[in-house]
Amino acid sequence: MAAAAAAASSSAAACFLSPLPPPRRPRHFLRHLARAAATKPAPAPAPASASSPWPWARRLGSLVPGETAGRLLSSAAGSLIVALASASLVLGDAGAASAFVVSTPRKLQADELATVRLFQENTPSVVYITNLAVRQDAFTLDVLEVPQGSGSGFVWDKSGHIVTNFHVIRGASDLRVTLADQSVYEAQVVGFDQDKDVAVLRIKAPKDKLRPIPVGVSADLLVGQKVYAIGNPFGLDHTLTTGVISGLRREISSAATGRPIQDVIQTDAAINPGNSGGPLLDSSGNLIGVNTAIYSPSGASSGVGFSIPVDTVGGIVDQLIKFGKVTRPILGIKFAPDQSVEQLGLSGVLVLDAPPNGPAGKAGLQSTKRDPYGRLILGDIITSVNGTKVTNGSDLYRILDQCKVGETVTVEVLRGDHKEKIPVVLEPKADES
């Protein structure tokens, strides 16, 4: 019987691993075993040490009737054959088993692949800027250099020029720039434009580590166009956020001077503290703007971010690299807030002060003052420049941005109850330290 069981197990293993039909012997053996158990009287129980091929079969036959024992033995023998066959399959050739394991590679959609490629290609151009300030310890009186802020920037050219926002570097005693490979360099300020919130730094890094960002065009942008922002929000370096252009030709005020910045790009790509100075890219990976501000009561991203268009930034950066400053014409006046003029029921720009050594003072514009009794005497109210109507300070700045230094403009003012036209020669803005 032992030989028969061994043959049965080998035959069952073969039926799982080979296409040949199973042999007849195991079934004949089981039928014979069941018939013998049903017709022969049950033998006496054998001791545990009895010499029998299946001692448990003898014990089972003595405990249950013959027909029931036959069924149990048939079921047990069948289970044994299946178990042996399963063991043969598990312990079979490892190469054959590995054929059942299918490793599916990660599949990305076409737009996902484009986004991943854009991030990988442009990340080396984005830098992390740390603003350091000198502080004196209150107890030891030691002078320490501590970080007071951080922001983003990007490589402009192979000469090591880095473009960022002015408010990122404002008040810094020292600046450090961290490249994508985590190498850190001391940065020098080349120049800045407070009115447009743009600054240019320079680092002395090997040219093979500097990858200038590709510069695009912002004049032909469309609302709904996909955009991508790369920066360092909350100090988390090289973070990518995506969105669309949700508005064009917006106007925001410079954080430093309050002067309006025109044609600003509005986007819903998440821009948080630390993103300032980072690039805004189109779907081709070209620079279309510099992330500069968000509209949020809480200070975190609210889905309304603003970027200075690259067409504006490009001209400013070229002047800063070449001259170290931006030559912008001014009238040389201080004017009242727009709300004050509206409360007076007037329209225009009220001149509060026109220094005598400034362009407006030299031309004869009058300042606001008080008489000997303390009564307020309003100065000139500018109503137009070169025939273009002026209703508020933003209108005046917008007109001056289109003028050049040394140009003579015709300023129409309301003086008392009559209007006058006064020619004014525009002068460059004084240098800021």
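Predicted model: local features only at pLDDT ≥ 70, side-chain atom pairs only at ≥ 80, totals over all residues.

Q: Why tilted?
A: Because the planes are at 45°, and under 30 degrees would count as stacked while over 60 would be edge-to-face.

Q: OK, now Ser152. Where is Ser152 placed?
A: Ser152 belongs to strand S2, which covers residues 143–155.

Q: Is Ser152 buried or exposed?
A: Buried: the relative accessibility of Ser152 is 0%, and the cut-off for buried is under 20%.

Q: So what is Ser152 in contact with, leaving aside neighbours within four places in sequence?
A: Quite a list. Among them are Val127, Ile129 and Thr164, and there's also a run from Gly274 through Asn275, Ser276 and Gly277 to Gly278. Gly231 and Asn232 are in contact with Ser152 too.

Q: Which of those side chains makes a polar contact with Ser152?
A: Asn232 does, with the side chains joined by a polar contact of 3.0 Å.

Q: And Gly274, how many residues along the chain from Ser152?
A: They're 122 residues apart along the chain, yet their C-alpha atoms are separated by 6.3 Å.

Q: Where does Gln182 sit?
A: In the loop that links strand S4 (174–178) to strand S5 (184–193). Gln182 is partly exposed, at 47% relative accessibility.

Q: What about phi of Arg249?
A: Also positive, near 55°. Arg249 is placed in strand S8, residues 239–253, and is exposed, with a relative accessible area of 63%.

Q: Last topic, the surface. Which residues make the nonpolar patch of about 330 Å²?
A: Four leucines: Leu344, Leu346, Leu376 and Leu378.

Q: Where is Leu346 in all that?
A: Leu346 is in the loop between helix H9 (338–343) and strand S15 (349–353).

Q: And why does Leu346 count as partly exposed?
A: Because its relative accessibility is 32%, which lies between the 20% cut-off for buried and the 50% one for exposed.

How values were computed: Residues numbered from 1 in each chain as written. Heavy atoms only, no water. Helix = DSSP H or I, 4+ residues; strand = E, 2+ residues; numbered from the N terminus. Buried < 20%, exposed > 50% of the residue type's maximum accessible area, 1.4 Å probe, protein only. Contact = heavy atoms within 4.5 Å. Polar contact = N/O pair within 3.5 Å; in protein donor to acceptor, adjacent residues only side chain to side chain. Phe/Tyr/Trp six-rings, centres within 6.5 Å; stacked < 30°, edge-to-face > 60°. Patch = residues over 30% accessible without salt bridge, like charges linked within 9 Å, V, L, I, M, F, W, Y side chains within 5 Å. Areas by Shrake-Rupley, 256 points an atom, 1.4 Å probe, with all protein chains shown as cover. Salt bridge = Lys/Arg side-chain N within 4 Å of Asp/Glu carboxyl O.
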